[in-house]
Amino acid sequence: EHKFWKTQPVPQTLSENLHRASRGTVPPASANQEPDGPIDSVKDVADVRKEPLPLPKGYEWCTPDITIDEECKEVQTLLSENYVEDDDASFRLHYSKEFLHWALAPPEYVADWHLGVRQTSNKKLVAFISGIPLSTRVRDHTIKTAEINFLVTHKKLRSKRLAPVLIKEVTRRVNLKGVWQAVYTAGVVLPTPIGVCRYYHRTLNPVKLVDIGFTPVRRGDTVSRMVRRFGLPASTSTPNFREMCKEDIPQVLDLMKRYMARFELEQKFDTEEEIEHWFISGRGTGEYVKGQGRKGQVAWAYVVEASDPETHRITDFMSFYSLPSLIMKHAKHKDLGTAYLFYYATDAALSSSSSQGGEEKAKERLSKRLNSLVNDCLIVAKDAGFDVFNALTMMDNNLFLNEQLFGPGDGYLVNYLYNWRSAPIDGAADGVDVL
Ligand code: NHW
Ligand code: EN5
C-alpha cells in the first residue's frame with residue numbers, strides 16, 4: 001500500500017520489462033515506452049518551501065558538520081548502533097569516521113545536505129540522512145543528481161513515520177540547490193527498482209568466517225579443505241601492477257570515462273579532483289603494515305602502467321574500499337574486515353584492443369584480463385588483513401565471479417532513481433531473479 005511512496009515521483013508499478021530483463025529478454029527500448037525524463041512537472045527553486053518540515057514535538061533538526069571530529073563521531077555512533085543489518089541480525093555495517101568523512105565530503109559537497117534529528121531534551125542525535133551531489137548518466141541523458149545514503153533512525157524510534165519526514169526534508173534541501181533527481185540503493189524492495197544486484201563473497205580467511213557463522217561449511221567439506229581452496233599466492237601476478245599515485249589521475253580519469261561509457265547507467269566522474277578524492281585521499285596516513293594496511297585507510301587503488309617508458313600509459317585501474325561489519329553474536333571476534341570491489345576500468349574492454357578477432361575473442365580477452373586484475377586485488381586485500389572480499393552482480397563482474405571463487409550471499413542491493421522515468425536498463429538484473 002505504501003502510504004508514503006505512493007505520494008512520491010517514482011514509478012509506481014514494477015514494469016513487466018524489469019521482470020523480462022531479469023530473464024535475459026530485454027525488449028527494444030522503443031517498444032511502447034514513454035520517453036525517458038522527469039516524472040514530476042519541472043519546478044523553480046523560487047517555488048521550493050523555505051522552512052524546514054515540522055518534526056514531532058520534542059525533536060529538532062541539526063546539520064552535523066562531518067569535518068568536525070566530535071560531530072562526525074556522533075553520526076558514526078548512531079550508525080554503528082542502528083544502521084543496516086543482515087536478515088538475521090548477525091552482522092551490522094560498521095562505518096569508520098574516516099569512511100564517513102570520505103563518503104560525505106567529496107568535492108563540491110553541500111554541508112546542508114547532511115541532516116540530523118536531535119532529541120530536544122538532551123540533544124542526543126537520533127536520526128540522520130545524507131545527500132551528496134554527483135552526475136548520473138542514463139543512456140544519453142546526463143542529469144544532476146543527489147546520492148542519498150545513510151538514512152537511519154534510532155531503534156527506539158522505528159515505525160513512527162519519521163523516515164518520510166527525513167526524506168522530504170532532504171528533498172527540499174536538494175531542490176533548493178536546483179537539483180530535482182536522486183539516486184539511492186537499499187537492501188529492501190521499495191517502489192520501484194530500476195535494477196537489482198546480488199552480493200557475492202570471496203572468502204579470504206575461512207577459519208574466521210566459519211567460526212563467526214558468516215560462511216557455512218558445506219556437507220562433505222572441511223575447514224582445512226577450504227583453507228586450501230581459498231589460498232592465494234604471496235604476491236600479485238599482473239605485470240606492472242602497482243599502487244595508484246597522484247600522477248596517474250589524468251589517465252585514470254580518461255580510462256574510466258571510456259570504460260564506463262559501455263554501460264547504460266553510470267555515476268560519472270567529471271574532474272581530476274573527484275578522482276583524487278575517491279581514489280587517493282581515502283588512502284589514510286602512515287606506513288603500510290602487513291596484515292593491517294594503513295591506519296584509517298578507506299580506499300585502495302591500483303593501476304597497471306604499460307612497460308613502454310615513453311608514454312607511461314595506464315592500461316588498467318582497480319579499486320576497492322574497506323567497510324567492516326560488526327559481529328553481533330560472537331564472544332571473541334568483534335569486527336569482520338570486509339573489502340568491497342569499487343570502480344575499475346581496463347582498456348582490454350575498449351575497441352582499439354578488442355577489434356581484432358571478433359566478439360567472442362574480445363570477451364575472452366577481457367575476461368582473462370579481469371580475472372588477473374581481480375585476483376591481484378584479492379592478494380592485496382588478504383595481505384592487508386581483510387577476511388572477505390565482496391562484489392555485486394553488475395558491470396563486467398559476471399566474467400570473474402565464479403572463476404575467482406566468489407559465492408552468492410543472502411543479500412541484495414536494489415537500485416533506485418527518484419523523479420526519473422526510464423526505459424528498462426540493460427544488465428540491470430544480471431543473473432538475479434528476485435523481484
Ligand atoms: S538503505 C539503508 C537504510 N537504512 C537502514 O536500513 C538502517 C536501519 N533501519 C532504519 O534506520 C541506504 C529504519 O528502519 C529506516 C526506516 C530509517 C530505514 N529507503 O519511519 P518509518 C539509504 O540510506 C519507508 C526509503 O515508520 P522505519 C537510502 C517505508 O517503505 N524508504 O519506518 C535511503 C515506509 O514508506 P511506505 C524506506 O522502519 C533512500 C516508510 O519508510 C526505507 O522506522 C531514501 C516508513 O517509515 C529505505 N531504506 O524507518 C529515499 N526503509 O510508503 C531517498 C523504509 O512504504 C529518495 N522506508 O509506507 C530521494 C530523496 C532526494 C530527492 C532529491 C530530488
Ligand atoms: C548503502 N547505500 O545482507 C545501502 N549482507 O550477502 C546498504 N551475507 O553479508 C544496503 N544471514 O551471505 C546494504 N554469507 C544491504 C546489505 C545488508 C547486509 C547483508 C549479506 C550480503 C551478507 C553473508 C552473511 C549471512 C549471515 C546469515 C552471507 C555466505 C557467504 C558464502 C561464501 C561462500 C559461498 C557461499 C556464500
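The model is predicted: local features need pLDDT of at least 70, side-chain atom pairs count only at pLDDT 80 or more, and totals for chains, interfaces and linings use all residues. Residues are numbered from 1 along each chain as its sequence is written, while chains are lettered from A and ligands numbered from 1 in the order in which they are written. The protein chain is assigned domain 1 (5-195) and domain 2 (197-413), with bounds from an automatic or database domain assignment. Ligand 2 lies between the two domains, because both give residues to its shell.

**Domains**

- The C-alpha centres of domain 1 and domain 2 are 26 Å apart.
- Their contact takes 25 residues from domain 1 and 31 residues from domain 2; two residues are in contact if their C-beta atoms, placed from the backbone, lie within 7 Å.
- On the side of domain 1 that touches domain 2, two or more residues each come from β2, α3 and β4 (125-138). Helices (H or I, at least four residues) and strands (E, at least two) are DSSP runs, numbered from the N terminus.
- β4 gives the most to that side of domain 1, with five residues.
- By class, that side of domain 1 has ten nonpolar, nine polar and six charged residues. Ala, Val, Leu, Ile, Met, Phe, Trp, Tyr, Cys and Pro count as nonpolar, Asp, Glu, Lys and Arg as charged, and the others, Gly among them, as polar.

**Ligand 1**

- Ligand 1 is surrounded by 37 residues, the closest being H2, F4, L151, A163 and A182; a residue is near a molecule or strand if its C-beta atom, placed from the backbone, lies within 6 Å of it.
- Two or more residues of this shell come from each of β5 (141-153), α4 (162-175) and β6.
- The most come from α4, which gives eight residues.
- The shell around ligand 1 holds 23 nonpolar, ten polar and four charged residues.

**Ligand 2**

- The shell around ligand 2 has 21 residues, of which G187, Y199, G407, G409 and G411 come nearest.
- At least two residues each are supplied by β6 (181-186), β7 (195-203) and β18 (406-418).
- β18 has the largest share of the shell around ligand 2, six residues.
- Seven nonpolar, ten polar and four charged residues make up the shell around ligand 2.

**Helix packing**

- Helix α2 (residues 69-82) and helix α3 (residues 97-104) have axes that come within 9 Å and cross at roughly 105 degrees. α2 is therefore roughly perpendicular to α3. Axes are lines fitted to C-alpha atoms, for helices over the stretch in contact, and angles run from 0 to 180 degrees between N-to-C directions. Angles under 35 degrees count as roughly parallel, over 145 as roughly antiparallel, 65 to 115 as roughly perpendicular and the rest as oblique.
- C72, K73, V75 and Q76 of α2 meet K97, L100 and H101 of α3. The contact has three nonpolar, two polar and two charged residues.
- Helix α7 (residues 249-260) and helix α8 (residues 272-280) pack at about 100 degrees, their axes 9 Å apart.
- I249, P250, V252 and L253 of α7 make the contact with E272, I275 and E276 of α8. Five nonpolar, no polar and two charged residues take part.

**A three-stranded sheet**

- Three strands form an open sheet in the order β2-β14-β15, with antiparallel pairing; two strands pair if DSSP finds at least two bridges between them.
- β2 (91-93) and β15 (335-336) are at the edges with a single partner strand each, so one side of each has no neighbour in the sheet.
- β14 (residues 325-327) pairs with β15 over two bridges, and L326 has D335 in β15 as its bridge partner.
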